[in-house]
Amino acid sequence: MKCVISEQLKQRLPSGKFGVIRYHHIEVSDSPQMLRGRLELFQESLYIELQEKSIADIPEMVEWRRTFKQIGTDPSRYRPSSESLYRRIQKKSFIPPIHSAADINNFFSLYYKIPLGIYDLDRINGTVTLTIGTEQDEYIALNGRTVNFANKLVSKDERGPFGSPIVDSERTAVTRETKNALQIVYFLPSTPEETAKRQLQAIQTMFVQIHGGEADAQLFI
């Protein structure tokens, strides 16, 4: 499966950095206690921290909001998924365990304060393009709502859009039956290349430790 960044996105966001990891022959299940415990403890720690600090003061959240505006997205109406997670925790609406793939995604999204997407690779057709959406680009999201992606960062295959740093689609959702997956990491544009590589490797290593299988990663800068 090939992945490309559109020229339109490169022009609108020249400093954008995106990581893509392909996983094969994995086993998705309940998360091991190690991951469940880390996710729970980390959320409790963040909750205490967020009682004394505004989300608007977190540099990573500020940068992703600025990035959304640069793309053409209103960040007050459509928030980066990482910010949405932080807002849930601030209200003590902790993210429950879902399954091992989703839980890893949520953990690293909270840890690095960036959006991540995880998709069933067998439900993706042809080349994946990261681009800026049009009025014709929309899908039914994981929250059951139809979302339009005009002037928003979106991932598309030959069938149309399926993922974004806002909310992902039902069509390519990972389940316990998933055997091959695609993970997209939306790095902060200011992240140094070597830091992005280290973060990408950390995500890949933990994912394979829990799910088995093989993986290969690619960084787009």
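Tutor: First a term: contact here means heavy atoms within 4.5 Å. Keep in mind as well that the model is predicted.

Student: OK. What do the buried residues of α4 pack against?

Tutor: They pack against α2, α3 (59-71), α5 and β3 (116-120).

Student: And which residues of α4 are buried?

Tutor: Helix α4 covers residues 81-90, and its buried residues are Ser81, Ser82, Glu83, Leu85, Tyr86 and Ile89.

Student: What follows α4?

Tutor: Lys92 follows α4, and its phi is positive, near 60 degrees.

Student: Back to α2 and α5. At roughly what angle do their axes cross?

Tutor: Roughly 35 degrees, with the axes of α2 (residues 33-50) and α5 (residues 100-112) coming within 10 Å. The crossing is left-handed.

Student: Which residues make that contact?

Tutor: From α2, Leu35, Arg38, Leu39, Phe42, Gln43 and Leu46 take part. The α5 side supplies Ser100, Asp103, Ile104, Asn106, Phe107, Leu110 and Tyr111.

Student: How many of those are nonpolar, polar or charged?

Tutor: The contact of α2 with α5 has eight nonpolar residues, three polar and two charged.

Student: Which strands does α5 lie across?

Tutor: α5 lies across β3 and β9, and runs at about 165 degrees to β3.

Student: Sheets, then. In what order do the strands of the sheet with β3 and β9 come?

Tutor: The order is β3-β9-β2-β10, in an open sheet with antiparallel pairing. β3 and β10 (214-220) are the edge strands, each pairing on one side only. Neighbouring strands in this sheet are turned by 15 degrees against each other on average, direction ignored.

Student: How many bridges between β2 and β9?

Tutor: Eight, with β2 (residues 17-24) antiparallel to β9 (residues 180-187). One of the bridge pairs is Lys17 with Phe187 in β9.

Student: Now the sheet with β1 in it. Is its pairing mixed or antiparallel?

Tutor: Mixed: four strands form an open sheet in the order β1-β4-β7-β8. The edges are β1 (3-5) and β8 (160-163); each has a single partner strand, so one side of each has no neighbour in the sheet. From one strand to the next, the twist averages 35 degrees.

Student: Which way do β4 and β7 run, parallel or antiparallel?

Tutor: Antiparallel, with four bridges joining β4 (residues 128-132) to β7 (residues 153-157). Within that pair, Thr129 stands opposite Lys156 in β7.

Key:
Residues numbered from 1 in each chain as written. Predicted model: local features only at pLDDT ≥ 70, side-chain atom pairs only at ≥ 80, totals over all residues. Heavy atoms only, no water. Axes fitted to C-alpha atoms, helices over the stretch in contact; angles between N-to-C directions. Helix = DSSP H or I, 4+ residues; strand = E, 2+ residues; numbered from the N terminus. Left-handed = near helix turned anticlockwise from the far one by under 90°. Nonpolar A, V, L, I, M, F, W, Y, C, P; charged D, E, K, R; others polar. Pairing = 2+ DSSP bridges. Buried < 20%, exposed > 50% of the residue type's maximum accessible area, 1.4 Å probe, protein only.
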